[in-house]
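Subject: Structure handover

Hello,

Here is the structure I said I would pass on. Please open it beside this message; my notes follow.

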Amino acid sequence: MIDFESAPDGSGEKPPRGPARNFERTAGPVKYLQGLNERQSEAVHAIDGPLIVLAGAGSGKTKMLVSRICHLIEACGAQPYQVLAVTFTNKAAGEMRERVERMLENSGKLGNPEIGTFHSVCVRLIRREMDRTPFTKPFVIYDDSDQLSLVKRAMEKLNIDNKSFNPKAIQGAINRAKCNAIEPAEMEVAQHDIFGRQAKRVFEQYQKDLFANNALDFGEIICMTYRILRDHEDIRLKYQQRFRFIHVDEYQDTNRAQYLLLAMLADRRFGGHQNICVVGDEDQSIYGWRGADIHNILDFEKDYPGAKVVKLEQNYRSTKTIITAASQVIRNNSQRKDKTLWTDNEDGLPITHVFVADERQEAEFVISELKRQAEHESRAYGDFAIFYRTNAQSRQFEDVLRREKIPYQVVGGLRFYDRKEIKDILAYFKVILNPTDSIGLKRVINTPARGIGKTTLEKIDEFLLSMELQAADAQLALPVTPVVPPSFWDALCRAAQDSSITNAGTARKLAQFVALMERLRTEQPKLLLSELYHLILDETGYVRELRQEGTDEAMARVENLEEFDTILQEFEESNYDNVPEEERPARKPLLLSQFIEQSSLVSDSDEFNPQVSNVKLMTLHSSKGLEFPVVFLGGLEEGLFPSIRNWEETNEEDIEEERRLCYVGMTRARERLYLSNVAVRRFWGDVSYQEASRFLKEIPAQLMQSRDLAQSFRIQRSDDFGTGFHRSPSEPARNISFGATTSPVIPPHARKSSTQATEESLIGNVMDHPEYGEGKVVLSEGAGPERKLTVEFAGRQRRKFLYRYVEGYLE
């Protein structure tokens, strides 16, 4: 039987006796048990040994957890300090803490349970056990930008060129290692893995510098706590005795380091008491890309033999139709437990599936439908949510919402024109148009990195001050003649010519930047806006650097830049393509100033007021844990959702995570669910024919009411493409991809026919890949559309591709 008498410090001293310790001695109904269904009540009362609660979407898991914690303290004799509950967000932890404290306000027990995020709980433990850490004084916590600065410093110490090895990519490698509780000495790197070897070196130096600075990063908070418990038996015993009842919310989102940390406290192999209750849903495991390991929840019963399993399968949120449809989708996954979500709610309306011509018509339909419901069904704008797979998809919806003057909020992200990469390009546009714009100039001068840092800018500012003083003196000497005050650009040009202002090396870098901007300014009147945009990207290497970085954040920025290309082409269609040909030469130089004015009005929109009812826009990942009466889920197309990245062979585990993401999105809807896909979608300004997502096909037809709105907008395979382009016959048509998925546009150099490719051996052929560079085909497998090529690139790194996606890159 559980010993409730241990002191919190593990000393063995008995605390003052409180209420009876025997199981459920409290008589009569109690408020924390009221309203529980049978399965929730079963989980609340299972207090001995390991327990896994498989909590389906909308099944009341928070209510169950709060009731269980209160029951342990009120009826079972546990002291508040003996109960630990960890989750992932401050919001979730705060809500749970508030509800528990409200329930226990008249309990007579001293203190409160330890409820917090993994990081907050671990920081408190580390501070209490400072003598078991490398620190000699209180530590600080580094955020991502601090961490990146330290990575760069470590690279400088090791003389590792940050152009050859991207610091953010190395930062990503360090964070992945920490997700798995791997220390630098434990990193296993293949002999031919040049990047891996350098990342390991940086990791070793980084850790030394991190501790020398008395600092922790987010990953190290978990890892250090784990090592303290692993390496110090007395500390481990102390916390095993203190935290007698452990609760873990969203267990499917835990990574390896968090799994090991919990094992130190609860697992019998390490002296643990086995009193661990994990709550989660493997069908909602959608964070594998940031280190979450779905096997933690799938293998819980193996890790804790004899664990009790309770399934919360009753959904209180959605209609029967929505629940049935979502269940039919997720049942196609193999990595899941056997459970069936159900509800006593009404059947509700069928799911509305809409097939539209393109992303513009998709946005028009969504906004018109939510506007109709707001006007005719008395819904508030806060009842509506629009979900999408990538941030870049938000722009079309935002444009229509702004036009219709409907308030909205982009949850979990900035508005499209406020995103860093878009603001960077807008800054280039502004400096090309007006080089005296010092704000824009300082933004772009080292974007992408050119080695022109803060010190250089400070020296130029000092020189500018001296120029201004000279100008003031000149004005006094010649009061009748106006003297134009110097700008930061003027000082920058002087510094590029005079190395004494900075130094010779810096002057050369400044001269290169000045030459770049002058070249762009010279070309601007001759180019369409989209052509100028591509020239900027080519000359600066902006996208190339993001692709080399290769992180999820970097690839999201690339997607936003792709969307920006589409915006520019649409702007040209409205402001250039539809004017008489004889007027175009005069119109072309004006496009830049017109677009800057338009985009500036968008960027200056009023900030969102959280007290006002707004339409919510968010990625599917951001929708986790939320719910709305009406949900619109757009972009259900192969290649976009599910997302197939880098044109490589599809990994079934990745597809299953995408399917879980679809399930999460569908189960956010309470009353109405709309799903949409398009016939064509633009990527980098090119038009690609889209195939409906497999997830749409997994929903039973009888649950959906389908509408084909593309009938009046049928796509024709002609030079005009039927998508609103109206170029003159003398102008070249823009490229279009006729593939069914969002594969990259193949460059128009010589290609082999599929018959030739089948008959000839491709082994030994050279591939010039836009992301990985030059490589050689070393293996060819299969035939037809499923043919796969293995290509070896620099550093003996191998990648596998579907042949049909990379045929055009073979020489």
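Which residues in the largest nonpolar core touch the most other members? They are Phe429, Leu492, Phe564 and Phe595, in a core of 55 residues. Please keep in mind that this is a predicted model.

Phe429 shows what such a position looks like. Leaving out residues up to four places away in sequence, Phe429 touches Leu529, Leu532, Tyr533, Ile536, Phe564, Leu568, Leu592, Phe595 and Ile596. Another core, of 45 residues, lies apart from the largest one, and its members include Val123, Met130, Ala263 and Val278. As background, nonpolar side chains in soluble globular proteins tend to be buried together.

Next, the strands. Strand β9 (residues 351-356) pairs with β14 in the parallel sense, over 5 bridges. Within that pairing, Phe355 stands opposite Asn677 of β14. Strand β13 (residues 628-633) also runs parallel to β14 and pairs with it over 5 bridges. There, Phe628 has Ala669 in β14 as its bridge partner.

Some backbone angles deserve a look. For orientation, most peptide bonds are trans, and most residues other than glycine have a negative phi. Where are the cis peptide bonds found here? One joins Thr447 and Pro448, with omega about -5 degrees. Pro448 sits in the loop between α17 (438-444) and α18 (454-477). A cis peptide bond also joins Phe641 and Pro642, where omega is about 10 degrees. Pro642 belongs to the loop that runs between β13 and α26 (652-666).

Positive phi values turn up as well. Ala181 is not a glycine, yet its phi is positive, at about 55 degrees. This residue is in the loop between α6 (167-179) and α7 (194-212). Is Ala181 buried or exposed? Its relative accessible area is 12%, and buried means under 20%, so Ala181 counts as buried.

Glu250, again a residue other than glycine, has a positive phi near 55 degrees. Its place is the loop between β6 (245-248) and α10 (256-266). With a relative accessible area of 18%, Glu250 is buried by that cut-off too.

If you want a place to begin, select Phe429 and find its contact Phe564, then turn to β14 and its pairing with β9.

Regards

How values were computed:
Residues numbered from 1 in each chain as written. Predicted model: local features only at pLDDT ≥ 70, side-chain atom pairs only at ≥ 80, totals over all residues. Heavy atoms only, no water. Core = buried A, V, L, I, M, F, W, Y, C linked by side-chain atoms within 4.5 Å. Buried < 20%, exposed > 50% of the residue type's maximum accessible area, 1.4 Å probe, protein only. Contact = heavy atoms within 4.5 Å. Pairing = 2+ DSSP bridges. Helix = DSSP H or I, 4+ residues; strand = E, 2+ residues; numbered from the N terminus.
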